[in-house]
Amino acid sequence: LTDSPFSDFLGFELLLEDDDRELLGRVRAFMNREVEPVINEHWTRGEFPHELVRGIADLGIAGLAYDAPGCPARGALVDGLVAMELSRVDPSIGTFMGVHGGLAMGSIALCGSPEQQQRWLPAMARLELIGAFGLTEPETGSAISQGLSTTARRDGDAWVLNGEKKWIGNASFADLVVVWARDEDDGQVKGFVVEKDTEGMTFDVQRDKIALRVVQNAEIHLRDVRVPEENRLQEAHSFHDTSQVLRVTRMGVAWQAAGCARGAYEHALRYTKAREQFGRPIASFQMVQDLLVKMLSNVTASTAMNVRASQLQVAGLLRDEHASLCKVHSTVRMRETVGWAREVLGGNGILLEHHVGRFVADAEAIYSYEGTREINTLIVGRAITGESAFV
Ligand code: FAD
């Protein structure tokens, strides 16, 4: 990894086996070569770069950690470092894969029967089928475990879904959307795989976002959508099962945040070495060095926490509060870091061509999705005090 010491200051990548480090290097080369030169154009237009999907598929990184049919089963640590690598160049691509490979594939890997896993996961791992994950609703975000109002009614050998979803990444072009709905009979939240072009499911793409503009988020309208029983995730019996998916994907978001911060730091470091004022590179000024070192410190601390939590995940010991702590820490430090990176670029920090401005904007979405800072803080608070602030 040629530029590893550049921001992998404490050599976390050396924890990986050789073949995983080689994979990380391939991801890095792809992102630098294929994504970075074109991504600002897509960001400006608010369009997803479908032409890059084949190249991402060839990297073999979808569902990297899952030990399920067709999935690489290479473990949570390399999965996390790959997520960081994607977001280091572009948080939108990182989010696209977080939704597809994390949320959608994770729902099927963790809550699907062996037959369902076999039916969908191999094609999803090859990105021949793209997935989305529909949990949030227009009126309910943070309180979704209590307030989820999309309904599922059993009708013979099928289910009938009705309701609204909001913010659903990839939904408008996905081949399948995992929709979470409340069973009208027992009141429990269950998961349903709704395939593309199913009658009654329509989308409105959410335009004019100021963050993650490349990611296509959509509102989903479900009107008497009939889904066969074999598309109900057989091991999703209540919101507790949904939470198992979110625990893992929250770690993914912590890694994305570390990647977003790392990308901004790297651009800032490069810029300060090249930019001269008062006849010297601005990197030579003490106050600039102070900010650069604080950025590196944030990136390194977030990475260290995430590495340890991913090791716990590999050992089967990751708890909700571990993932929440990593998400809170990495996102708060990300927001601070991208702000400092913008600062050392001066006016150029708000020009897309210098990339840092895109990281500043994208950080705002990463900060809030998969549980806001407040919600993840309260999950940790509940664990350490034994008192729930949610009631
Ligand atoms: P609200 O729940 O309305 O919260 C507003 C504010 O109130 C926040 O600051 C929150 O922390 C605070 N608050 C709420 N409750 C409490 C409390 N008890 N104590 C203290 N403060 C509280 N969802 C999906 O299902 N699938 C996706 O693919 C997806 N992708 C997304 C992509 C983007 C770009 C974004 C922005 C969101 C996405 N989401 C997705 C939804 C995301 O998970 C929600 O936005 C998030 O959970 C927060 O919900 P909310 O936006 O409704 O905020």
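These are legends for close-up views of a predicted model. Residues are numbered from 1 along each chain as its sequence is written. In this predicted model, local features need pLDDT of at least 70 and side-chain atom pairs count only at pLDDT 80 or more, while totals for chains, interfaces and linings use all residues.

**View 1. Helix α2 alongside helix α4.** Here we look at α2 (residues 18-45) and α4 (residues 76-89), whose axes come within 9 Å and cross at roughly 15 degrees. Axes are lines fitted to C-alpha atoms, for helices over the stretch in contact, and angles run from 0 to 180 degrees between N-to-C directions. Helices (H or I, at least four residues) and strands (E, at least two) are DSSP runs, numbered from the N terminus. The pair is therefore roughly parallel, a label for angles under 35 degrees. On the α2 side, the residues meeting α4 include Leu23, Leu24, Val27 and Met31; on the α4 side, Leu81, Val82 and Leu86 are among them. Contact here is for C-beta atoms, placed from the backbone, within 7 Å. Sorted by class, this contact has ten nonpolar, one polar and four charged residues. Ala, Val, Leu, Ile, Met, Phe, Trp, Tyr, Cys and Pro count as nonpolar, Asp, Glu, Lys and Arg as charged, and the others, Gly among them, as polar.

**View 2. Where α4 meets α5.** The axes of α4 and α5 (residues 91-111) come within 5 Å, crossing at roughly 140 degrees. Ala83, Leu86 and Ser87 of α4 meet Pro91, Ile93, Gly94, Met97 and Gly98 of α5. No charged residues take part: the contact has five nonpolar and three polar ones.

**View 3. Where α4 meets α9.** Now the partner is α9 (residues 286-314), with axes that come within 8 Å and cross at roughly 145 degrees. From α4 come Ala76, Leu77 and Gly80, and they meet α9 residues including Asn306, Val307 and Ser310. This contact divides into four nonpolar, five polar and no charged residues.

**View 4. Around the ligand.** The ligand has 21 residues around it, the closest being Leu135, Gly141, Ser142, Thr372 and Glu374; a residue is near if its C-beta atom, placed from the backbone, lies within 6 Å. β1 (131-134), β3 (158-169), α11 (356-368) and α12 (373-385) each supply at least two shell residues, and β3 gives the most, with three. By class, the shell has ten nonpolar, nine polar and two charged residues.

Key
Parallel < 35°, antiparallel > 145°, perpendicular 65-115°, else oblique. Contact = placed C-beta atoms within 7 Å.
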